[in-house]
Amino acid sequence: MTLDPQPFKVQLQALLAQRPRRRLHDPTLIPAAVLIPLLVKDQEWQVLVTQRSENVEHHKGQISFPGGAWDAEDADLQATALRETYEEIGIPPEAVEVLGALDDFQTISRFAVTPYV
């Protein structure tokens, strides 16, 4: 039996679009974004995570989603998530279909992170 990813994807996209999203508006926080990559492997939905290098400035060795701080060249935080995903794990932005965003959250290192699915 072949898994049809469309029903889940459509339902998730609708749920993300209809729910009010909590946004952080604290100018003392560093804006950042991550991508929560969902993919189908062996006919099952998978969530891709990474383990951060010990050579990065923040969150050394932690399990994480690909992402990072907003750069002035980024059009918006979604562009940040896509750029960082490409830089960290090689998935080009044009290969990603963003379904929506989750609530912003603050990290202990003073980032305001927007997660994109």
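Here is a short tour of this predicted model, stop by stop.

Before you click anything, know that residues are numbered from 1 along each chain as its sequence is written. Local features need pLDDT of at least 70 and side-chain atom pairs count only at pLDDT 80 or more, while totals for chains, interfaces and linings use all residues, and side-chain values use heavy atoms, with hydrogens and water left out.

**Stop one: the core**

Select Ala33, Leu35, Ala81, Leu82, Val98, Ala101 and Tyr116: these seven residues are the largest nonpolar core. Such a core is a set of buried Ala, Val, Leu, Ile, Met, Phe, Trp, Tyr and Cys residues joined through side-chain atoms within 4.5 Å. Buried means under 20% relative accessible area, exposed over 50%, and partly exposed in between (1.4 Å probe, protein chains only). Both β1 (30-35) and α2 (77-89) supply at least two residues of this core. Helices (H or I, at least four residues) and strands (E, at least two) are DSSP runs, numbered from the N terminus. A separate core of five residues includes Leu12, Leu16, Ile36 and Val117.

Now pick Ala81. Not counting residues up to four places away in sequence, Ala81 touches Ala33, Val34, Leu35 and Tyr116; contact means heavy atoms within 4.5 Å.

**Stop two: Leu77**

Move to Leu77, in helix α2. Leaving aside neighbours within four places in sequence, Leu77 is in contact with Pro31, Ala32, Ala33, Trp70, Thr114 and Tyr116.

**Stop three: an aromatic pair**

Show Phe8 and Trp45. How are their planes set? The pair is tilted, with 50° between the planes and 4.9 Å centre to centre. Rings of Phe, Tyr and Trp (its six-membered ring) pair if their centres lie within 6.5 Å; planes under 30 degrees apart count as stacked, over 60 as edge-to-face and the rest as tilted. Phe8 sits in helix α1 (residues 6-18) and Trp45 in strand β3, 37 residues apart. Phe8 counts as partly exposed because its relative accessibility is 36%, and Trp45, at 31%, is partly exposed too.

**Stop four: the loop**

Finish at Thr107, in the loop between β7 (105-106) and β8 (111-116). Is Thr107 buried or exposed? With a relative accessible area of 15%, Thr107 is buried. Its contacts, not counting residues up to four places away in sequence, are His59 and Val113.
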